[in-house]
Structures are given as C-alpha cells and as structure tokens.
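Have the sequence and the 3D view handy as you read.

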Amino acid sequence: MTVAMEKPPVPEPPQQETDTLTEAAPVAVVRRVSRRMVVGAILVVWLVLFAVLRGTHTLPLAAADLTGLHRWLNDANDSIGANRNSNPLFLYFFNEIRLVIDNLVTLVQHLISQPSDSRPLPQIGWLGVVGIAGFVSWAVGNWRVALLTVAGFVFFGLQGLWQESMDTLALTLSAVFVALLFAIPLGVWAGLSNRANKIMTPFLDFMQTMPTMVYLAPLTLFFLIGGASATIATVVYAAPPAIRITAHAIRSVPETTVEAADSLGATRWQSLLKVLLPMSKRTVVMGVNQTIMAALAMVTLAALIDAPGLGKTVFQALQSLDVGTAFNAGLAIVVMAIVLDRVTTAASARAEAARRSGGRLLAWRRQLVAAGAVVTAVLVYLSHTYVWAAEFPGEGDVGSSVASAADTASTWVQDNLSGLTNAFRDALTNGLLNPFQTLLTDSPWWLVGAVLVGLGAVLGGWRSGVTTAVCVGLLVATGVWSDAMTTLASTLVATVMTLLLAVVVGVWMGRSPLADRVIRPTLDAAQVMPPFVYLVPFLALFGATRFTAIVAAIVYAAPVAMKIIADGIRNVPATTVEAATSAGCDTWQIITKVQLPMARGALTLATNQGLIYVLSMVVVGGLVGAGALGYDVVAGFSQGQLYGKGLAAGLAIVLLGVMFDRITQAAARRTSA
Amino acid sequence: MARQTTQWRVGAAGMAVLALTLTLTACGGAKVGDTSAGSGSSGGSGESSGKCGTFNLAVNPWVGYEANAAVVAYVAEHNLGCKVTKKDLKEEIAWQGFGTGEVDAVIENWGHDDLRKKYITDQKTAVEAGVTGNEGLIGWYVPPWLAKAHPDILDWNNLDKYAAKFKTSESGGKGQLLDGDPSFVTNDEALVKNLKLDFKVVYAGSETALIQSFRKAEKNKEWVIGYFYEPQWFMSEVPLVKVKLPEYKAGCDADAEKIACDYPVYKLDKIVSAKFAKSGSPAYDLVKNFTWTNDDQNTVAKYIAEDKMTPEAAAKKWVEANKAKVDAWVN
C-alpha cells in the first residue's frame, strides 16, 4: 500500500551558508539552545502531568464500538447504495464518466492484453509490444534505455507473466493518460495563480495520504466493479505529483524571461505557450515520471476490486502463503517500474539535449526514426497475424526458478534467524514502544493535544501551531483518538529507526560513488516492490505484532530518506571538505562536524518524507498485527457496519500526515533560513 | 560527431535488414484466429452458449471458496458452454455487486446476517440459492503439539491456568487470543469478556498473518491460541485442534454484547442476485444444484494451495474423478 506523498524535488536553497556561516552562527546557536530548552520543558511538564493524570480523559473506543459520526457515515454510504439506480446524478453523471473510462480501458486492454470478441488473443502480440516499447524508448530517450526496455519486456514473458504484465501496463497507461489530462492544466493553473495553488494544496495532500482502502469500496458503488473504478482509484492517487511538479516547474521559470516576453508584447497565451511551457518541459516530464510510479503502485492494490494484472497474482499467491509466486509477480512490477522510470528520466534529459544538438545529426535522426517506425510496424503486423509472435513462447521457466529461489531464501531466513529476531523485537517493544505508547494513550487527550500544539509552535512557528491545533481538534472529532495515539507511537518509533538507518547508509552513499551505484538499485526495488510480498517472511520472523508493521514501514520509507541524505551529503561543497581535511579533521569529525551539519536541509526533508512514507504504511501494518488505525481501515473495507469507522480512521491518518508535514516543513524553512 | 553519424548510419542499415529478414521468415507459422488456435472459442459457440451467456461469479479471498468457484466455473464452461467471468472480491463488495448487476452469484457464504438483511430483506437485490453441503466451524484453535502436551487446554475452563504462557509483546500482560481477517465473523471480544478470561484479543488483521502464526507455533513449539475455521486447506498441513467453549444453544448469540457460548455450526450457503435467479440461465440451475462435502472441498483446496495447481487444473482433476456428482448438478 504505497500511499505516499511524493514531494516535488524541491531544489536545495542556494548554499549561501558558507559565506554567512561565521556571522550567523552565534545567533543561531543561542536560538537553537533556547528552542531546545523549551522543547525539553514541554516534555518534562508532560511527564509530570502524565504521572498525576494517568488514565483519565483517554477517549478509548473498543474494536467493535462506533460513534455517532461513524453511524452517520454508514447511513450515508447505505443510502447511496440503495438509490444508485434511481438517482439522476448516477444516471446522467457517474454512469457517463464510467462509460467513457471503461471504454478507454477496454480499448487499451484489447490492444495489448485481453482477447477481444472474435480474436482469442489481443490485437498486438508480444513481439509487437516489445517493438513499440523499444522504439518509443529509443525515440524519446536513447538506445541504452531502449535496450533496457526490450530486455525488461522480454523478461515478463520469460517469467510466464506476459498477460498479467500487459494487464498491469494497460491499466497504468490508461490511468496515467486520464491523470495527465487533468493534472497538466491544473498544474499550469496552480503555477500561474497563487490562489489556485493555495486552494489545491490541501486537496492534493488529502488525495495522497487518504488510504486507498477507504475509498475502494465506495468507488465500486459509484463506478461499478471493473476497469473504470480501478482507473479512477489510481488517478486519485497518481495525479497529485504531476499537478505539484507542473506548478513548481512553471513557477521556477525565471521572472526576467517572462518579463522580457511581456515587454515584447506577448499576450498571456503566447507567453504561456511559447515561453513558460517549453522552458518547464524538462521538469514537467519528471512530474509524469512520478505519476507513472504512483500509478504502478496503486494498480497493484486495485486488485482488491478485481483489477486484472500482477496485483491479482500477488494477492492470490498470498492466500496460500506462496511467497515464491508472489515474489515473482512482485519482481515483474519492480522491473516495469524501473523500465518506466529510466525511460521517462531519459526523456526528460533528452528534452534538454534535443535543443542543443546540431542540424546534420537531426536530419540523420529523422531518417532513422522513420526506419525504426517501419520496423516497428512490421513487428506489430507480424504479432497481429502469427501465433508465434502473438503468444509468448515457452512455459515461463525463468518464473518458476525465480519463485523457487525466493521460496528457498525465505525458508532459510525463517529457519535460521527467528531466534535472534525475537529477542530484538521484545527488547525494542518493551524498552521503547510500550512505554511511549502508554504515555500517548494513557495521557488525557487535552494534555497530548497541548503538547503537540506546543511542539508544533516551537519547532515550526505560530502558523504550524495553529495547524496542529486544528488537526488535534479534528482528530478528537473522528472518535478514534485512542487508536490514533497508538498508531502515532508506532509511527514515531518507525520514523526514528528509519532516520538512524538512513543517516548511516545515506552518508556512506554520499561519500562513496561506488556504494551509491551498488545500493541505489536495491533502494529502487524496495520502493516499488509491493509490501505484501515481503510481509509473509516478516510475519514468520516477528509474528503478528506491531514490530512487524514497524519493520515493513522501515523497508518502505528508508530508501527515500537514504536517497535524500545521500544527495545532501554530496552537495556539500568539496572545497569545504578539503579545507576541513587540511585542518586535520579525521573522517569521523568531517562527517559529524562538517557534512551532516551542512546537509541539515536534507536531513529535515528526509525526516518529512520518512514520516509521510511511514504513515502511508499504517494500513499495511494493520494487516500484520499493528492494530489501531490501520486495522480500523482494513475492517472498514471488509465490514459494512464498520465502514464509517474505517473512513474516520482514514481521516485520522490524513490528519496525522498533514500535521507532521506542516510542522517539519516549517521547521525546515526555519533551519535553512 | 562524425563518429556518431556513422554509427547511426550503420544502425539504420541494420534495422532495415532486420525488418526485411523478419518479413521473409514470418511467412510460415500458424495464424491468429486459425481454427487450430481458436478451438477454445469455437467450442463455446455451440447452441448452448446462446442460452447461458455470461455468468459473473464472485470469488471471495479464501482458498475454500476458490475451490467451490473453480469447480462451478469449470462445469459451467465445459458442460453448459457459459462464458464465466470470475471476479476477485471481498464479501462486502461482492454483495454490493448484486445490486449493480456486476455479480451473479456468491458460492460460499458464511452467515452474514447483516448483509442478508441489507440486500435480501431491504434492497431485495439478492436471494438465497440453498446450501453448499459444507459445514463451517468457527472457534478457538491451538496447534497440535500443544493439544498433545497439555490435553486439558482443550476445555475453556482451563484456559486461565495457562494464560501467562500465552503472553506476548502485544497482549499487555494478559494471554493473547489472536484474531485474523476482519471480514470473518467473530464474537471473540465479547466471549473473552463474558467468560471472564484473562486474555486480550489481538488483531493480526489478515488471514495470512494468522496462518503464518500457527505454522510458526507448531514448528517452534510456541504457545498460540487463536481464531480459526474449517474447512480450510491449512488444516491438512497443520491439523489445529479446536478448544471446547460453552455449548451453542439456539438464541444464545442473539445479543452480540452478551454472547458466552460457542459459535454455531454454519450451514454454508449460496446467494445469487435476484435478476440472475429469474434469468432462466442454466448457470443458475447449476448454482442451485451445486452441493458437495467438506472432504470434496478440502481435496480441491489442497490441489490449489499445496500442490500449486491452477484453479482450472484443480477443478478439471476433481470433475473428471467425480463424474456422477457433476451429472447430478447439471441435469
């Protein structure tokens, strides 16, 4: 469940710190010390009051209990279901949308994945798809990514997952198409107008942090079971990155350029079409990249409402705890993600390079593209006509060896490591998690609320204090306060562990290009591998506990934090490091006194993203014993009478996310200011 | 630059040659849609398919259900010539599909009085289609090693004696009673309270987590007690033993808050959409006539879960070995 908030790659603020460091340092130190003291004081007061007031005003709610709000949400859901066939809104609005999107999905499916009426096979067979994919990657990127694409697509076939992969691809492409249809114009608008941007941001946060399971069931009520619902669920989750990044791209076009166009007498439309859009093309393509990644993550989950593809293979295999088969399908998703990522990245680099290359080369290139197109057309024709080019040959032997290797590995880990892991789990749970959770859940709600608001105000300024106060108030209103506190405890523990791990690995990657090159592909894989695949071995190691959920969250969140920290370390000017070396600092001193302090901005960003990614795993945690909000969401998805409570729990997750996002962002702005 | 141009020129020439070769070599080989390749679809276009049409069968996410669905789908396709569309859905969404016309039948239903009231009584979009012949047991189970080592644990009266052994990092000092997928019927929280047991219900959250816990417990001789049910394929791998709770009497589960008795024996049944029941489709008659035993289901479930056969292959194997039973459903 990759409900993550992918932030646009916020460019690091220009590193002027080096010049101003000497004069700014004393002031900053004084301010930081006093801030640290305030934080300490707040925590001490909390502990004292906790000792006195323990167990009062804790707002508990048992697993099967509901509040008035939850019942009201249930009734609203039921009445929609009961009236869907007579309501004009359904007849003339939702049904029309469904029809259009359903047709689009079916069209793409008939092209590459599903047999259409009279044909036993899709219109374009494997050879044609491989040809088109290779040609397109070459045309928009370069020959290296084209080679990667061809290899990747052939690998799907060898895994014995050709049709499943194509189903996933078809759904991803349809969803990305629909998402971009809305996202690019909205992004341009948000880039041009501050007000539009302000209005859109909370909605985008909401779309990205609301757990998908909350809206999957109602979506099938609005848009029926099938392609349309799966596509729309994916669009909801995948569109925001494109909107954010497009807006960001438009905003970062230098003002002088726009002014120059204005002074030449360009109209608004002209300056948009001739200046703003071409100049932000490269960044917009990165937005498309993020949307594709998000869509791919969601398409897996859409298998819960019968979306065809690799997600189904994963879930079905897990019913019989078949780790090998699940891993094989997960690997196909990883390969697809890496291929799509590299192609779009190459495309964005090309957008830059194309403008610079010379004319003679361009003429040759044109001929070459034409030749490639002809070859591709031939391949498509062949795969349309002949069985050998339409149906991937072989039995997918590579797939069965991958599956059995994964099985062996997971059995070995279970047999040999479980003693060690139990001791570690119990130490962490009893030593850290349980006391912290007790502190949060057994304190009166107003005390925890006051502490949160206080911390928000101290760390992020009065604005984030106000945001925190609003979030705390709404959290109480959702009726799942106690569960939210339990989840909060696990989330914070997971975030701390994520950051510890990320600093160690991130610094290593930042300092050694070789380590970076070796580790990075693993991180990519950990980010896109559906978590469900590795849950089974984790369960075997740690049992159905909160700790398992924490480990799963770390696996998902740490790669992002590592990458951010590695970039931060690498951006520390080489001259500074050299100066420190010549002043006699050893490696440890350079890391702790120079590189980490100077990468402070990256560390705060890593904290922000780490927290948001950990929060996005709360629902997955609910599937493996974390209980609390995650379990509430899962239960709401499975049981009608708990639907309202699940929705409320989903809202609570959103509120926690927004609260921490605002606090950490404000804190980041302060530290870099 | 010049070197690159040459490279590209070579590339273009290479591609042209490749295209030519492919065109030439491709002249042989079977064509898509030829009778040999399309035998599957032509077989289905016999006279019977016009009558049956499409049959939308919900597949709920547990292997026992999948066994039922696989066999019914296989018979519907091969004996009746229907076009079967299986839809992988959870119970709640599957029932919702009766109203929207997206689901024709649910082929193994466990009680679900709430859904019956909503969709059969109130919305009238679903109707019952008889029992499957399977009897479902729900209850508290322990791994076999534990039942052997401490036989008295199989009586709920003795559970408290062992509560301390069942303590985990999650159970807050009490014994842990592990519950699974939230979609399954459970009264465990009320049971623990009303039987005054020193236990806490811990929600594993998924069936996967539950099975993995039991598997690990049996292997490492750990103390685990948890919610489970049969028929279930996992029972043939690790035959869990059921703990005796106060006997079920009709009506003892009327008030959910005050339940202090065992779960009833569920007569698993089939639910179809009201529209499908009136359609006159032969698939409806098949669903209505379909009955088999727990052993039958366990056999097919074992083919799928342990022998890793595809549902189609598993169904084929069972159907071919049980012609008489199948004939009784379709005639």
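B:Tyr227 is buried, at 3% relative accessible area (buried is under 20%, exposed over 50%, partly exposed in between, with a 1.4 Å probe and protein chains only). Keep in mind that this is a predicted model, where local features need pLDDT of at least 70, side-chain atom pairs count only at pLDDT 80 or more, and totals for chains, interfaces and linings use all residues. Residues are numbered from 1 along each chain as its sequence is written, chains are lettered from A and ligands numbered from 1 in the order in which they are written, and side-chain values use heavy atoms, leaving out hydrogens and water.

**Ring pairs**
- Rings of Phe, Tyr and Trp (its six-membered ring) pair if their centres lie within 6.5 Å; planes under 30 degrees apart are stacked, over 60 edge-to-face, and the rest tilted.
- Going by that rule, there are 36 aromatic pairs over all chains.
- One of them is tilted: B:Phe166 and B:Phe199 sit 5.7 Å apart centre to centre, with 45° between the planes.
- B:Phe166 is buried at 1% relative accessible area, and B:Phe199 is buried too, at 5%.
- B:Tyr227 and B:Tyr263 make an edge-to-face pair, 6.3 Å centre to centre and 85° between the planes.
- B:Tyr263 counts as buried, with 4% relative accessibility.

**A cluster**
- Ring pairs also join B:Trp110, B:Tyr141, B:Phe214, B:Phe228, B:Tyr229, B:Trp233, B:Phe234 and B:Tyr266 into a cluster.

**A charge over a ring**
- Over in chain A, the charged end of A:Arg144 sits over the ring of A:Trp143, 5.7 Å from its centre (the rule: NZ of Lys or CZ of Arg within 6 Å of the ring centre and within 35 degrees of the ring normal).
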